[in-house]
Amino acid sequence: MTNQSSQFPRFYVTAPHPCPYLEDRLERKIFTEINEQNPEGLHESLAKVGFRRSQDIAYRPNCENCAECKSVRIPVNAFTPSRTQRRLINLNADLVSEILPNKATQEHYDLLSRYLAVRHAEGGMVNMSYDEYEAMVECSPISTSLIEYRLPATSDTPGKLIAVCLTDSMSDSISMVYSFFDVSPDNKKRSIGTYLVLDHVARARVTQLSHVYLGYWVKESPKMAYKMKFKPLEVLSTEGWHRATA
């Protein structure tokens, strides 16, 4: 006889620890393993109620006395790029992109290390080892890929790696799990982080997907402010998904 309890995920809660977004607050998460019976279905169901994936774990903030982390996603068919975003699309039109299997490489890891050292020097990921990066990329029980972006190759040099995004695929959506890019001053005008989101929206539109999931948005966190520039943006509340007004 099948063990009925094994058919349903078990949820756990982490101990409180310092919030990475808001000072003087503690963060707590609820999480579950993405089971082997139907990992794609479980992941998709959990994503629609605000969970994110990290390796074979799905998690969501579950903080006491705080609900500032909001899940956000872009409704693909309703989205129209702003004038500034259209300029970025044109400016980055020279980039050569390729969808790759979720396999770690030293080149990607080196780019990540440089990105973290500049953008997240005080974050918990800054000292990530290659083995930890390999687990982040390759330990996925669902359909996951890497999309890399390079400058055009020349007769003298191969195309320089400029950005990578770890991306999950669902039946009707895609989720941007983690992206990193070249943060050298030469590429500042490209606003690569914004462009990666725009490119994922374009990919979702071509394949007739409904949403691009962007993870969490925290109103008081300057690092999260860029997400509100994608309009319309949908935010998850206790009453379901609705258009953001902030």
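1. A salt bridge is taken here as a side-chain nitrogen of Lys or Arg within 4 Å of a carboxyl oxygen of Asp or Glu. By this criterion, glutamate 64 and arginine 28 are joined through their side chains, with an N to O distance of 3.1 Å. Glutamate 64 lies in the loop between strand S6 (57-61) and S7, and arginine 28 in the loop between strand S3 (26-27) and strand S4 (29-33), so the pair ties together parts 36 residues apart in sequence.

2. The structure is a predicted model: local features need pLDDT of at least 70, side-chain atom pairs count only at pLDDT 80 or more, and totals for chains, interfaces and linings use all residues. Residues are numbered from 1 along each chain as its sequence is written, and side-chain values use heavy atoms, with hydrogens and water left out.

3. The whole structure contains 12 salt bridges. Arginine 190 and aspartate 94 form one at 2.9 Å, N to O. This pair links distant parts of the chain, 96 residues apart.

4. Within helix H5, aspartate 199 and arginine 203 lie 4 residues apart, about one turn of the helix. Their closest N and O atoms are 2.7 Å apart in a salt bridge.

5. Tyrosine 149 is in contact (heavy atoms within 4.5 Å) with residues including Leu95, Tyr195, Asp199 and Arg203.

Conventions
Helix = DSSP H or I, 4+ residues; strand = E, 2+ residues; numbered from the N terminus. Lists of a residue's contacts leave out its neighbours within four places in sequence.
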